[in-house]
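Dear colleague,

Please find below the structure that I am handing over to you. My findings follow after it, arranged by region.

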Amino acid sequence: MNDFILTLSCPDRIGIVHSVTGWLLSLHGNIVDAQQFGDIEEERFFLRVHFKLPLPANVESLQESFAPVAERFSMDARIHDANRKARLLILVSRQGHCLNDLLFRTHSGQLPVEIAAIASNHNDYSGMAASYGIPFHHLPVTPQTRPQQEQQILDLVEHNQVDLVVLARYMQILSAEMCAALSGRAINIHHSFLPSFKGARPYHQAHARGVKIIGATAHYVTSDLDEGPIIEQDIERVDHSMSAHQLTQVGSDVESLVLARAVRNHVEHRILLNGSRTVVFK
């Protein structure tokens, strides 16, 4: 309990870094890593500091100790226990590539999280969840039962003390109320093409149009469908020789990689919101 991460954003002005490092000095803290960014257009400053203390401490006492500095500079500041693994709830429908990837990365120690539960509107991946020893919740939904089903999901979040909800190809549109309840702690993944294709079988649509680039975007969930603050993106080039099935395989790989990166950045407290955009420290 002596390894912590401080993240903050505030109006940009002289003395911010000096005050933060002065506070750390008063605690005999040692900076392991520090990254900062000043948005000139918005006149806003962002900082992430990973630090160690010589003696054990807790987040609550450190937050209270830092409060005078935060108040002086009008900071949105948070202190996190760097050793605590975030608890995830994964939502999935019938496309399991992202779920499978997250399960493997977690089980193999590549992703520093605990998957508290998996929930789905279909029962396809109950066996996969069982093979990893993770509780699986089958929550079927219809337009008429959506409010009750979403409340079941929120109950799982509360009961399991979930830090982050991951929509791993969960093919349901969340209500505005659900988005508000999960604001800043729900990540979605979707394909991104040039041009864009929506609806069923997007990779087959892309194949029919002869696209040359396949991509994926991970973003925070908001009530604006697929338009939340972007966390991570990537692309792969494709060509005329590839079938629709091959395009789908490429897309699945890109989606899995992009989602895993986004989840890692979130749980390592590397993401700070900057209006409708994000600052992502590497």
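**Domain arrangement**

The centres of domain 1 and domain 2, taken over C-alpha atoms, are separated by 31 Å. Please note that this is a predicted model. The domain assignment gives residues 3–81 to domain 1 and residues 86–280 to domain 2. Across the boundary, 12 residues of domain 1 are in contact with eight residues of domain 2. The two domains bury about 810 Å² between them, and carbon and sulfur atoms give 55% of that area. Of the area that domain 1 buries against domain 2, 49% is supplied by Phe46, Arg48 and His80, more than by any other three residues.

The UniProt record, an unreviewed entry, carries the annotation "domain: ACT" for residues 5–84. That span is 31% helix and 40% strand, and its end C-alpha atoms lie 11 Å apart. Ser74 is placed in the loop between helix H2 (59–72) and strand E4 (76–81). The phi angle of Ser74 is near 55°, a positive value in a residue other than glycine.

**Nonpolar cores**

Which residues have the most contacts inside the largest nonpolar core? They are Ile118, Leu259 and Val263, in a core of 42 residues. At least two residues of this core come from each of strand E5 (86–92), helix H3 (97–107), strand E6 (113–120), strand E8 (164–167), strand E9 (186–193), helix H7 (202–209), strand E10 and helix H8 (244–267). Helix H8 gives the largest share, eight residues. Another core lies apart from this one; it has 23 residues, among them Trp23, Val59, Phe66 and Ile79. As a general point, nonpolar side chains in soluble globular proteins tend to be buried together.

Two residues illustrate the contacts made in this region. Leaving aside neighbours within four places in sequence, Leu259 is in contact with Cys98, Leu102, Val166, Ala168, Ile187, Ile189 and Ala218. Leu102, in turn, is located in helix H3. Leu102 counts as buried because its relative accessible area is 1%, under the 20% cut-off. With residues up to four places away in sequence not counted, Leu102 touches Ile90, Leu111, Ile115, Val166, Ala168, Leu259, Ala260 and Val263. Leu102 and Ser256 are 154 residues apart in sequence, yet 7.9 Å apart in space, C-alpha to C-alpha.

**The annotated active site**

The UniProt record, again as an unreviewed entry, places the feature "active site" at Asp226. Asp226 is in the loop between strand E10 (213–220) and strand E11 (230–237). Is Asp226 buried, exposed or partly exposed? Asp226 is partly exposed, because its relative accessible area of 34% falls between the cut-offs of 20% and 50%. Apart from neighbours within four places in sequence, Asp226 is in contact with Asn188, His190 and His219. The side chains of Asp226 and Asn188 are joined by a polar contact of 3.3 Å.

His219, one of the contacts of Asp226, is found in strand E10. In His219 the relative accessible area is 2%, so this residue is buried. Setting aside neighbours within four places in sequence, the contacts of His219 include Asn188, His190 and Asp226. Also among the contacts of His219 are Ala186, Ile187, Glu227, Gly228, Pro229, Ile230 and Ile231.

**Two loop residues**

Arg169 lies in the loop between strand E8 and helix H6 (176–181). Its relative accessibility is 7%, so Arg169 counts as buried. Arg169 and Ile90 are 79 residues apart in sequence and 9.6 Å apart in space, C-alpha to C-alpha.

Gln161 is in the loop between helix H5 (146–159) and strand E8. At 59% relative accessibility, over the 50% cut-off, Gln161 counts as exposed. The phi angle of Gln161 is near 50°, a positive value in a residue other than glycine.

With kind regards

Definitions and conventions:
Residues numbered from 1 in each chain as written. Predicted model: local features only at pLDDT ≥ 70, side-chain atom pairs only at ≥ 80, totals over all residues. Heavy atoms only, no water. UniProt positions renumbered as here; feature names shortened; annotations may be inferred. Helix = DSSP H or I, 4+ residues; strand = E, 2+ residues; numbered from the N terminus. Buried < 20%, exposed > 50% of the residue type's maximum accessible area, 1.4 Å probe, protein only. Contact = heavy atoms within 4.5 Å. Polar contact = N/O pair within 3.5 Å; in protein donor to acceptor, adjacent residues only side chain to side chain. Core = buried A, V, L, I, M, F, W, Y, C linked by side-chain atoms within 4.5 Å. Domains from an automatic or database assignment. Buried area = accessible area lost by both parts, 1.4 Å probe.
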